[in-house]
Amino acid sequence: MAAIILNVVVQGVLTGLVYGLMALGLSVIFGIVRVVNFAHGEFAVIAMYAAFLLFRELGLDPVIAALPIAAGFFCVGYLLQSALINPFVGRAEHEQFILLVGLGMVIVNGLLMIFGPDARPTNLSYAFDSYEIGPLLIDKARLLAAAAALVVAAILFTFFRMSQTGIAIRACADNLIGAAVVGLDVKRLYALTFGIGLACVGAAGALMVTIADARPALAQAFTLQAFVIVIVGGLGSMSGALVGGVLIGVSEALAGFFFEPSMKSMFSFGLLILVLVLRPQGLMGRRA
Amino acid sequence: MMALWRDMPVRGRLLAGLLLVVLLAAPLFADRYLLSVLILIFYFAYLGQAWNLMMGLAGQLSLGHALHVGLGAYVAAMLWVYLGWGPWLGVVPAVAVAAIVGAAIAWLGFRFSIEGVYFALLTIAFAEFTRIGFDHIGAAGGAGGFFLPYQAQRLGEWWNLRGGQGLFYYAGLTMACGAVILTAWLKGSRLGYQWLAVHTGPTVVVAVGRCREQALSWPAGNRRGELQHRARRAVRDHRPQWGRQDHIVQYDRRRDRSRSRHDLICGRAHRWAHTRPHLRARHRTHLTARAAVSGAQRRG
């Protein structure tokens with residue numbers, strides 16, 4: 001029994017790291033631009049379809065396809081922030097909400113028109129391979145996806161800590177008016193941030209096809225899951241998003257094992273309610 | 001309600017009256033499809049008023065309104081199927097359950113100071129939690145949903161809402177119009193003005209409602225001078241003047257305060273930048289960004 005539970009926990013950790021990467025994008029965007037991206041899951045599903053198409057047409061492995069997809073999503077995010085979202089920065093929350101929910105609806109219905117409602121599986125040659133380490137059986141696909149998620153997250157952390165642009169972006173988050181007054185191009189930095197956030201989602205979506213089949217109905221579930229993760233980890237905290245992702249991944253895996261798989265999201269939302277009530281700033285966030 | 005009618009221009013009154021006449025007569029000339037679309041429009045207009053009360057008047061962004069719609073529907077339908085309670089009787093416990101759950105979420109939110117985006121997410125969390133929970137309750141139909149059984153012999157019981165399309169059309173129209181009237185009445189009531197006050201100036205409302213004595217005793221000249229002055233005025237005018245439009249203006253202080261804070265910060269930053277042109281020229285981005293980041297780290 002202990003070995004089974006250990007296996008379930010390890011699977012949860014690996015899945016949670018990919019969830020965490022997806023939530024990292026949301027956290028970066030909210031932490032800096034102060035806009036809650038309610039179309040987050042929709043972008044993740046677009047990335048899943050992109051990975052599916054690259055695999056089917058070119059035979060490109062989703063773990064490798066994550067790179068060009070992330071680059072493409074960066075451009076999309078940059079343009080989207082510059083053209084559409086910048087005018088809404090600083091406006092009432094419900095106006096931003098309506099804008100992004102509307103965008104999400106357009107994306108989902110567009111995907112339904114193009115691909116239909118059916119699930120599109122990516123049949124990888126190593127989908128059923130696993131590594132045996134003592135009592136542990138680790139899925140190769142999940143392990144690769146989790147490792148790639150960790151690499152992307154590490155690159156992102158390094159970028160925000162070490163690079164000039166990363167520090168400038170953090171300065172915008174820290175003191176917007178001061179940053180603008182001393183010459184930082186806030187709008188360009190916001191566009192960069194949104195691009196980086198969407199690049200994270202793009203990479204996470206591409207990696208997600210190794211775990212789940214692509215279908216438009218996943219979009220809303222992903223958006224809500226990303227919210228749960230960033231609130232549990234701490235909205236705006238990058239490390240919190242990864243920790244939250246792992247926590248949610250493990251709790252869902254355990255709930256699916258001990259109760260019913262269809263009830264696993266219920267535990268995530270229960271955890272969200274508990275965190276909101278007991279520690280609204282999240283496990284690793286700071287009080288505003 | 002009368003204020004709504006009184007404040008409407010003549011052209012608006014004419015248009016509203018004409019629209020009402022057209023809608024009342026619609027079943028005479030509209031086909032079944034158009035009527036079904038109109039029923040949906042009335043239904044969503046009614047739901048929209050419920051959201052309008054929350055966001056439009058009280059300024060609370062709720063993204064989980066479907067929770068209350070679903071709870072009301074489940075309670076009324078289960079009472080009908082299991083206990084034989086008609087919809088007119090079932091609506092009372094349905095409203096009560098939806099209201100109690102709403103009050104519990106609101107209490108939880110405000111007790112623990114969950115505001116803005118966090119409050120919106122709390123409402124989503126409760127809605128999703130309940131939705132998934134109901135998917136697993138067999139007595140409520142599980143994931144397939146709960147359906148009222150088809151009973152041919154009861155189809156004519158209009159008093160039990162077992163009628164044709166016309167019945168639902170007029171019921172929907174009555175509900176939508178009733179919701180507009182109720183919202184207009186609430187907006188002009190004492191409660192409506194309290195909601196507006198909470199919307200436009202929550203800090204002062206808290207000062208007035210919870211710490212009236214404290215608000216009055218704040219020493220003059222401290223950092224809260226402006227707030228204290230506003231709170232004093234709000235407390236002074238609070239008692240006799242609910243219902244007056246200008247009373248709300250007094251609560252609209254958040255914008256003033258944020259503007260003055262903005263001017264203060266901008267002024268300081270401008271002075272700082274202009275007194276150090278050599279630093280600005282050499283290290284503009286790097287230095288200021290580092291300074292901002294290190295300031296945040298020190299505070300953290």
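## Surroundings of A:E252

Leaving aside residues up to four places away in sequence, A:E252 touches A:Y19, A:Q225, A:K264, A:S265 and A:S268, a contact being heavy atoms within 4.5 Å. A:E252 lies in helix α10 (residues 238-258) of chain A; helices are DSSP runs of H or I with at least four residues, numbered from the N terminus.

A:E252 is buried yet has no salt bridge. Buried means under 20% relative accessible area, with a 1.4 Å probe and protein chains only; a salt bridge is a side-chain nitrogen of Lys or Arg within 4 Å of a carboxyl oxygen of Asp or Glu. The nearest side chain of opposite charge, A:K264, is 4.4 Å away.

## Basis of the model

This is a predicted model, in which local features need pLDDT of at least 70 and side-chain atom pairs count only at pLDDT 80 or more. Residues are numbered from 1 along each chain, and side-chain values use heavy atoms.

The model scores ipTM 0.78 and pTM 0.74.

## Confidence in chain B

The mean pLDDT (the predictor's confidence in each residue, from 0 to 100) of chain B is 74. Over residues 210-228 of chain B, pLDDT stays under 50. Where pLDDT is low, the predicted coordinates should not be read in detail.

## Helix α4 of chain B

Buried residues of α4(B) include B:L71, B:Y74 and B:W80. Their cover includes α3 (32-57), α5 (87-111) and α6 (117-135) of chain B. After α4(B) comes B:G84, whose phi is positive, near 75°.

Conventions:
Chains are lettered from A and ligands numbered from 1 in the order in which they are written. Buried means under 20% relative accessible area, exposed over 50%, partly exposed in between (1.4 Å probe, protein chains only). Helices (H or I, at least four residues) and strands (E, at least two) are DSSP runs, numbered from the N terminus. Lys and Arg count as positive and Asp and Glu as negative; His and the chain ends are not counted.
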